[in-house]
Amino acid sequence: MTTLADKSLLSGGDNKPPMLEKHLYDSWKSRMELYMMNRPHGRMILASVEKGPLVWPSITEDGVTRLKEYVELTPAEAIQADCDIKAINIILQGLPTEIYALVSQHRVAKDLWEKIKLLMQGTSLTKQERECKLYDEFDKFTYKKGETLHEYYLRFTLLLK
């Protein structure tokens, strides 16, 4: 007898966010965005990552201004507050242990997302330096005497990694 969980796995359903592999950050980022969008209130979750969390509204009672408590939020505000937490949770679940240890102290999804990007890609200067080096290696890439087509192909694929 096949259970619903088995059918879900067979059909490709998966409730876990994609796991980050250090050398595949760009792929992970796009898969995470798709994963977030596919969750209930996905656009709000993604907005938490891209724009930051809900700015909690304040109310004034007897001349004193304070932030609303969760139970005082409108239904839309409560959903956004929940999505802020879901965004952090989704991102943290998609991290390997060594990266998780470096970023788990962040409590805002946008900050967490940017920190992971910085860890994986470095600063824009570092990225530009790597890109220039890759272009230089590609320009100089030629066939070496005595090299088989297979060896040439392997060297070329290593260049692309």
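Which exposed residues does the face of α2 turned away from its buried side carry? In the predicted model, that face of α2 carries the exposed residues Asp-26 and Leu-34, whereas the buried residues of the helix are Tyr-25, Trp-28, Met-32, Glu-33, Tyr-35 and Met-36. Seen down the axis of α2, these buried residues fall within an arc of 160 degrees, so they line one face of the helix. The cover over the buried residues of α2 includes α3 (42–51), α4 (75–93) and α6. The helix itself has 13 residues and reaches 18 Å from its first C-alpha to its last, close to the 18 Å expected at 1.5 Å a residue.

The packing of α2 (residues 25–37) with α6 (residues 109–121) is described by an angle of about 160 degrees, with the axes of the two helices 10 Å apart. Because angles over 145 degrees count as roughly antiparallel, α2 is roughly antiparallel to α6. In this contact, Tyr-25, Asp-26, Trp-28, Lys-29, Met-32, Glu-33 and Met-36 of α2 meet Trp-113, Ile-116, Lys-117, Met-120 and Gln-121 of α6, and the residues involved divide into 7 nonpolar, 1 polar and 4 charged.

Within the chain as a whole, the secondary structure comes to 8 helices and 2 strands, and the elements run α-α-α-β-β-α-α-α-α-α from the N terminus on. Of the 161 residues, 27% count as buried, while residues 24 or more positions apart account for 46% of the contacts with a separation of 6 or more.

Methods
Residues are numbered from 1 along each chain as its sequence is written. This is a predicted model: local features need pLDDT of at least 70, side-chain atom pairs count only at pLDDT 80 or more; totals for chains, interfaces and linings use all residues. Side-chain values use heavy atoms; hydrogens and water are left out. Axes are lines fitted to C-alpha atoms, for helices over the stretch in contact, and angles run from 0 to 180 degrees between N-to-C directions. Helices (H or I, at least four residues) and strands (E, at least two) are DSSP runs, numbered from the N terminus. Angles under 35 degrees count as roughly parallel, over 145 as roughly antiparallel, 65 to 115 as roughly perpendicular and the rest as oblique. Contact means heavy atoms within 4.5 Å. Ala, Val, Leu, Ile, Met, Phe, Trp, Tyr, Cys and Pro count as nonpolar, Asp, Glu, Lys and Arg as charged, and the others, Gly among them, as polar. The expected span of a helix is 1.5 Å times one less than its number of residues. Buried means under 20% relative accessible area, exposed over 50%, partly exposed in between (1.4 Å probe, protein chains only). The arc is that of the directions from the helix axis to the C-beta atoms.
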